[in-house]
Every structure is written in C-alpha cells, then in structure tokens.
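Hi,

Here is the model I promised to pass on.

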Amino acid sequence: MTISFSIGQLASAAQTPSATIRYYEKIGLLSTPSRTGSNYRQYDKEDLDRLAFVRRAREIGFTIDQVRSLLAFSDQRDADCCAVMAMTSEHLHAVEQKIADLVVLKEQLANMLASCQGGTVANCSIIDTLQPRQ
C-alpha cells in the first residue's frame, strides 16, 4: 500500500508552503503529481523525499539551477561525484566571498555609527556619508 498526500499534507510534512510546492512543479524541480478523481494533487513518499532534498539544498543556499543539477546527479547514483564536489566547492567559494563582503559592510556601518555624535539630522555624519559627493 502506497502512502499518498494531498498538497496540504505534503506542505505540512515538508514544512514548505503549498505555493512553493506548486512553483517547484511549475519549474520542473518536482514532477507533476497524479490527480485524484476529484482533480486534487496526489503525492507519494518519493515526492516528499524529493521535496525535502530541494528544501535542504535551498536552505544551504544552492540556486534553483544548482538544485536542478544536484537532482539530476542524485538520479544517477552510479555516476562519479566529482561534478557535485566541484559545484559545492564553487558554492562554498561564493559563500566565503559573501562573508568577506559582509565583514567589510559591518566595518563600514560600525565606522558610520562611531562617527555620529547625534544631534539633528542636519548635522548627522551618517546622512553626510550617504550623500553623493559633488
């Protein structure tokens, strides 16, 4: 006996909004589900597992295109995982660059705050820093 889920049940089980599930179907990350006689979407355990995979990959920052590639790789269980490693390495590098950019941003904001003595907006060094240079 196969377990089947409605979209609401799938959304609850995967902690993913129904609208996101429909979107993932539309862009091909999830296959088009079968329909009941009343035309309701009907999902199975494989759909839940695939949705959990997509959700986890998105949580750690993989793009939709990267998730699509990862899904294709996961469907080829005997293939070499070098391409998966390369994609993950590239993603890690991008994350490290974002962290470095955020550290710089943090320092800029801290410097702006440290330079501000309060008072009126007319004398606010933060506003002055944001104004275009002429």
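Which residues does the UniProt annotation "domain: HTH merR-type" cover? According to that record, an unreviewed entry, the domain covers residues 4-73. UniProt positions are given here in the numbering used for this model, with feature names shortened, and such annotations may be inferred rather than shown by experiment.

Before the rest, some housekeeping. This is a predicted model, so local features need pLDDT of at least 70 and side-chain atom pairs count only at pLDDT 80 or more, while totals for chains, interfaces and linings use all residues. Residues are numbered from 1 along each chain as its sequence is written, and side-chain values use heavy atoms, with hydrogens and water left out.

Back to the annotated stretch. Over residues 4-73 the chain is 60% helix and 6% strand, where helices (H or I, at least four residues) and strands (E, at least two) are DSSP runs numbered from the N terminus.

Helix α4 was where I started. It spans residues 64-74, and Ile64, Gln66, Val67, Leu70 and Leu71 are buried in it. Seen down the axis of α4, these buried residues fall within an arc of 155°, so they line one face of the helix; the arc is that of the directions from the helix axis to the C-beta atoms. Buried here means under 20% relative accessible area, exposed means over 50%, and partly exposed is in between (1.4 Å probe, protein chains only). The cover over the buried residues of α4 includes α2 (18-26), α3 (45-59) and α5, with contact meaning heavy atoms within 4.5 Å.

Then the charged pairs. The structure holds six salt bridges, each being a side-chain nitrogen of Lys or Arg within 4 Å of a carboxyl oxygen of Asp or Glu. Side chains of opposite charge can pair when their charged atoms come close.

- Aspartate 49 and lysine 45: the closest N and O atoms are 2.6 Å apart. Both residues lie in helix α3, four residues apart, about one turn of the helix. Aspartate 49 is partly exposed at 39% relative accessible area, and lysine 45 is partly exposed too, at 44%.
- Glutamate 59 and arginine 55: here the closest N and O atoms are 3.0 Å apart. This pair is also four residues apart in helix α3, which puts about one helical turn between them. Glutamate 59 is partly exposed, with a relative accessible area of 46%, and arginine 55 counts as partly exposed at 28%.
- Aspartate 65 and arginine 68: the closest N and O atoms are 3.1 Å apart. They lie three residues apart in helix α4, about one turn of the helix. Aspartate 65 is exposed at 52% relative accessibility, whereas arginine 68 is partly exposed at 33%.

Salt bridges that share partners also join Arg55, Arg56 and Glu59 into one network. As for the spacing, an α-helix has 3.6 residues a turn, so residues three or four places apart point the same way.

Now helix α5, which covers residues 82-115 and includes valine 103. Val95, Ile99 and Val103 make a nonpolar surface patch of about 220 Å². Patches are made of residues with over 30% relative accessible area and no salt bridge, with like charges joined within 9 Å and nonpolar side chains (Val, Leu, Ile, Met, Phe, Trp, Tyr) within 5 Å. The accessible areas come from the Shrake-Rupley method with a 1.4 Å probe, and for residues only the protein chains shown count as cover. Valine 103 itself is partly exposed, at 41% relative accessible area.

Leucine 92 is another residue of α5, partly exposed at 47%. Its C-alpha atom is separated by 9.8 Å from that of phenylalanine 62, 30 residues apart along the chain.

Two loop residues are worth a look as well. Which residue between α1 (7-14) and α2 is in the loop? Glutamine 15 is, and it has a positive phi of about 50° although it is not a glycine. Glutamine 15 is exposed, at 60% relative accessible area. Asparagine 39, in the loop between β1 (34-35) and β2 (41-42), likewise has a positive phi, of about 70°, without being a glycine.

Cheers
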